[in-house]
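This report looks at charged pairs, strand pairing and ligand contacts, in that order. Please keep the sequence and the model at hand while reading.

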Amino acid sequence: MGRKTFVVANWKMNGSYKANAEWLQQALPALRTTRAACDTAVCAPNVYLPQMIEGLLTSTTMVGAQNCSEHDQGAFTGEVSAQMLADIGCDLVILGHSERRTLFGETDSMVADKVKRAFENGIMPIVCVGETLTEREEGRTIEVVSRQLKAVLDTAGIAPFIGGALAYEPVWAIGTGKSASPEDAQAVHAALRDVLAQVDAQAADAVRILYGGSVKANNAKALFAQKDIDGALVGGASLKAQDFLAICECAECN
Ligand code: PGA
């Protein structure tokens with residue numbers, strides 16, 4: 001095993017120059033002395049990526065986007081490509097977040113194409129999968145997340161997950177304050193690792209599977225203690241530097 005805990009901030013469509021500068025000022029001292037226990041990343045809105053890349057230069061914290069095009073360049077008004085993210089020095093990109101799937105109509109195959117394109121351009125993807133409340137109540141959680149993961153594996157293989165990560169985010173837990181129990185999340189993470197192992201058992205063991213959905217400092221420790229939970233994708237609680245750092249600190253107890 002030996003997977004290093006990875007804590008990723010997903011700021012979604014939040015932030016401003018001023019608020020980001022304050023966040024950096026508050027978080028940098030702790031992020032600079034990055035504990036050996038934890039890798040960190042901040043995924044900010046595209047317009048703020050240069051500010052965050054520059055602001056985090058003196059730390060080991062990586063910077064990510066929250067989406068990218070499946071194309072490299074061309075007549076795609078409003079889109080930003082992985083090639084462009086690489087050009088400005090971005091490290092990561094969140095792909096297949098449930099908000100992209102439900103609000104912007106991203107399908108399994110679009111997500112798979114984006115993962116492939118990001119990886120080809122040296123941008124490491126954090127690939128999100130997750131079931132809705134109805135799917136969970138119908139007992140279809142494993143079926144749904146396996147389908148979402150397999151679509152990516154079929155197109156892009158397992159390699160993108162090794163530098164990047166897989167994130168299990170139950171849709172009903174995102175922004176609701178209702179986190180999955182550590183045991184329930186662990187069961188899904190183990191099933192996801194089995195799907196990865198069907199492609200390559202050794203590589204599957206190295207893939208970090210993050211949990212996302214109402215992660216806070218008060219539940220992160222119990223989540224990180226689970227065998228197959230290798231970190232967190234944090235939305236709301238990542239907007240305040242102190243709350244984000246408190247979650248990172250939970251990795252030390254691991
Ligand atoms: P949340 O969001 O932590 O606010 O639930 C997580 C996410 O959407 O990545």
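This is a predicted model: local features need pLDDT of at least 70, side-chain atom pairs count only at pLDDT 80 or more; totals for chains, interfaces and linings use all residues.

Is K18 buried or exposed? K18 is exposed, its relative accessible area being 62%.

## Salt bridges

Over the whole structure, a search finds 21 salt bridges. One of them links K18 with E22, whose closest N and O atoms are 3.5 Å apart. Both residues belong to helix α1 (residues 17-32), where a separation of 4 residues, about one turn of the helix, lies between them.

In the salt bridge between R136 and E131, the closest N and O atoms are 2.7 Å apart; R136 is partly exposed, with a relative accessible area of 23%, whereas E131 is buried at 0% relative accessibility. E131 counts as buried because its 0% falls under the 20% limit for that class. D228 and K227 also form a salt bridge, with 3.7 Å between the closest N and O atoms, and here D228 is buried with a relative accessible area of 3%, while K227 is exposed at 55%.

## Strand β7 and its neighbours

Strand β7 (residues 209-212) is covered on both faces: I209 and Y211 on one side are buried, and so are L210 and G212 on the other. On one hand, β7 is joined to strand β6 (residues 165-168) by 3 bridges, and these two strands run parallel. In this pairing, Y168 stands opposite Y211 of β7.

On the other hand, β7 pairs with strand β8 (residues 231-234), again in the parallel sense, over 2 bridges. Y211 stands opposite A232 of β8, so that Y211 has an opposite residue both in this pairing and in the one with Y168, as follows from the strand pairings defined by bridges. Together with helix α11 (residues 217-224), β7 and β8 make a β-α-β unit that is right-handed.

## Surroundings of the ligand

Which residues come nearest to the ligand? There are 13 residues around the ligand, and K12, H97, E169, G175 and S214 come nearest. In the case of K12, a polar side-chain atom lies 2.7 Å from an oxygen atom of the ligand. For E169, an N or O atom in the side chain is 2.7 Å from an oxygen atom of the ligand. G236 contributes through its backbone, with an N or O atom 2.8 Å from an oxygen atom of the ligand. Of the 280 Å² of accessible area that the ligand has on its own, the protein covers 96%.

## A buried residue in a loop

N67 is placed in the loop between β3 (62-65) and α3 (82-87). Although N67 lies in a loop, its relative accessibility is 16% and N67 counts as buried. The side chain of N67 makes a polar contact, at 2.9 Å, with the side chain of K114.

Conventions
Residues are numbered from 1 along each chain as its sequence is written. Side-chain values use heavy atoms; hydrogens and water are left out. A salt bridge is a side-chain nitrogen of Lys or Arg within 4 Å of a carboxyl oxygen of Asp or Glu. Buried means under 20% relative accessible area, exposed over 50%, partly exposed in between (1.4 Å probe, protein chains only). A crossover is right-handed if, with the strands pointing away from the viewer, the path from the first strand over the helix to the second runs clockwise. A residue is near a molecule or strand if one of its heavy atoms lies within 4 Å of it. A polar contact is a pair of N or O atoms within 3.5 Å; within protein, one must be able to donate a hydrogen and the other to accept it, and residues adjacent in sequence count only if both atoms are side-chain atoms. Accessible areas come from the Shrake-Rupley method with a 1.4 Å probe; for residues, only the protein chains shown count as cover.
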